[in-house]
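Have the sequence and the model open as you read.

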Amino acid sequence: MLKNWLYVGFGLLLFGLVVFLPQGKVLAFHDVPEKYETEIHYLIDRGIIQGYPNGNFAPTDVVTREQAATMVGRALGLDGRQRNTVFPGVDADSFASGYIQSAYEEGIITGYTDGTYKPKETMTRGEMAYLISKAFSLHEISAVTYEDVQSSGSQYEAINKVSTAGIANGYDDGTYRPDASITRTEYSLLVARGLNDSFKVSQEEDVLETRVVTTDVLNVRSGPSTSYSRVGQLVRGTVIEVHQQQGDWLKVSTGSLKGYVHKDYTARTASGSRVIAIDAGHGGKDGGAEFNGLVEKEINLNVAKRVRNYLENSGVKVIMTRSDDTFIPLDDRNSYAVNNGADTFVSIHSNAFSDPSANGTETFYSSQSQRVTDSKQLALFIQDSLVEALGTKDRGVKDVPYRVIRSTPIPSTLVELGFTTNDSDAEKLGSSYWRDRAAKGISDGIIDYYEWKGK
């Protein structure tokens with residue numbers, strides 16, 4: 001008789017170790033994550049989950065498929081009486097058999113294509129989405145997407161539904177990780193959110209920055225590439241909020257429209273009132289460097305105008321020292337900028353050298369300037385952004401007392417885009433595409449400086 005009672009006691013202990021047991025009033029568990037105490041105790045108080053006999057909740061333990069079915073069954077008030085099921089491999093005396101069969105009869109679970117349920121297998125985040133979306137009758141779908149989930153198919157729909165409902169969300173890197181196991185804490189949160197709207201998470205994401213659309217029409221897609229479907233369009237000048245960046249793609253929103261756009265067709269916006277002087281080097285009788293069929297004054301002006309467009313789209317007022325093929329003395333460029341209220345001065349040039357192997361991009365400031373610290377920082381921001389945009393050799397930021405930047409009372413820098421005397425650089429300097437890249441690089445560097453200055 002004693003031996004029989006020992007078997008019974010051992011069986012009850014194992015029963016408590018594998019399932020969340022309701023046993024009336026429960027004790028407090030010392031390892032419940034503080035951040036989620038409210039949600040987890042909400043379920044504990046209702047007998048939906050309970051910890052282990054040793055007093056632990058075990059928040060990081062993974063959840064099996066039979067445990068998941070049991071927990072959902074209790075949350076929905078399904079019949080949990082142990083009995084035969086339609087699934088081979090689920091024994092009638094299993095603690096989960098009643099909840100599995102009830103969930104099957106309610107259309108909440110269907111099992112695998114081979115007719116099994118595999119109760120001991122670990123529940124994944126993707127499988128969880130199927131179970132939760134059916135258990136709580138979720139139907140609404142939105143533009144929510146994840147980098148590692150295809151934008152079509154039944155799994156996408158299930159994950160979209162639980163995300164749209166505010167029951168589940170992804171990770172900070174834009175992924176959902178559908179094949180990852182789900183922990184007791186994670187699963188508890190999902191069930192609590194399904195039962196109580198006050199626990200639901202908002203799909204509103206943090207705003208990293210604001211940008212403005214710089215092309216006439218910009219397609220908004222459901223995912224981060226042109227292979228995703230178009231969900232809307234934006235016109236030039238539309239201000240958008242950026243929530244994530246995945247490679248060259250931005251996850252954005254404006255009004256009710258949400259989706260992904262390519263960052264090359266947007267520009268960052270500047271905070272506060274900004275006035276910058278953009279100086280296209282040389283001009284008129286002074287053509288500057290002339291090599292490889294290129295004339296420096298023409299390159300400088302073309303890029304300067306593009307910089308102006310990007311900056312104006314970003315909310316920066318731009319003063320051009322010259323807007324056509326005009327010769328302007330160096331000192332007049334400085335005074336024109338200052339007299340017209342400019343707070344910053346950037347002069348754009350193209351380089352040349354006797355050795356055609358010399359190549360790359362460099363930016364200058366002058367330590368003789370009245371604003372040397374700001375001038376150097378401006379040069380650093382522009383250099384970093386411009387090199388990234390052009391893919392040219394990084395020749396660095398240098399202190400050189402060029403006249404056009406040393407005598408200004410405002411932060412000033414001079415940019416050398418590349419070498420007209422170098423075949424590789426010259427090919428880019430003569431290309432409309434690369435000139436636009438250069439302009440965007442300079443513009444982004446200037447915005448970076450203004451953001452730094454405003455902190």
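Arg 437 is partly exposed, at 22% relative accessibility. Keep in mind that this is a predicted model. The salt-bridge partner of Arg 437 is Asp 264, and their closest N and O atoms sit 3.3 Å apart. Asp 264 is in the loop between β6 (257–262) and β7 (266–268), while Arg 437 belongs to helix α13 (residues 432–454), so the bridge ties together parts that are 173 residues apart in sequence.

Helix α13 takes part in another link between distant parts of the chain: Lys 453 in that helix pairs with Asp 374 in helix α10 (residues 372–390), 79 residues apart. Is Asp 374 buried or exposed? With a relative accessibility of 8%, Asp 374 counts as buried. Lys 453, on the other hand, is partly exposed at 36%.

Salt bridges also come in a group here: Glu 209, Arg 211, Arg 268 and Asp 448 are joined into one network through shared partners.

Then there's Asp 79, which bridges to Arg 81 with the closest N and O atoms 2.7 Å apart. Asp 79 is partly exposed, with a relative accessible area of 29%, and Arg 81 is exposed at 57%. How many salt bridges turn up in the whole structure? The search finds 21.

| Asp 79 | Arg 81 | 2.7 Å |

Now for the glutamate. Glu 127 sits in helix α5 (residues 125–135).

The largest nonpolar core has 50 residues, and Ile 132, Tyr 176 and Tyr 187 have the most contacts inside it. The elements giving two or more residues to this core are α2 (37–45), α3 (65–76), α4 (97–105), α5, α6 (154–164) and α7 (184–195). Another core, of 35 residues, lies apart from that one; among its members are Ile 276, Tyr 310, Ala 438 and Tyr 450.

Stepping back to the whole protein, you'll find 13 helices and 15 strands. The C-alpha trace spans about 110 × 40 × 40 Å along its principal axes. The radius of gyration is 32 Å, whereas a compact globule of 455 residues would come in near 23 Å.

As for burial, 51% of the 455 residues are buried. The protein exposes about 21100 Å², and carbon and sulfur atoms supply 48% of that area. Finally, take the contacts with a separation of 6 or more: residues 24 or more positions apart account for 72% of them.

Methods: Residues are numbered from 1 along each chain as its sequence is written. This is a predicted model: local features need pLDDT of at least 70, side-chain atom pairs count only at pLDDT 80 or more; totals for chains, interfaces and linings use all residues. Side-chain values use heavy atoms; hydrogens and water are left out. A salt bridge is a side-chain nitrogen of Lys or Arg within 4 Å of a carboxyl oxygen of Asp or Glu. Buried means under 20% relative accessible area, exposed over 50%, partly exposed in between (1.4 Å probe, protein chains only). Helices (H or I, at least four residues) and strands (E, at least two) are DSSP runs, numbered from the N terminus. The radius of gyration is taken over C-alpha atoms; the globule rule is 2.2 Å times the number of residues to the power 0.38. Contact means heavy atoms within 4.5 Å. Accessible areas come from the Shrake-Rupley method with a 1.4 Å probe; for residues, only the protein chains shown count as cover. A nonpolar core is a set of buried Ala, Val, Leu, Ile, Met, Phe, Trp, Tyr and Cys residues joined through side-chain atoms within 4.5 Å.
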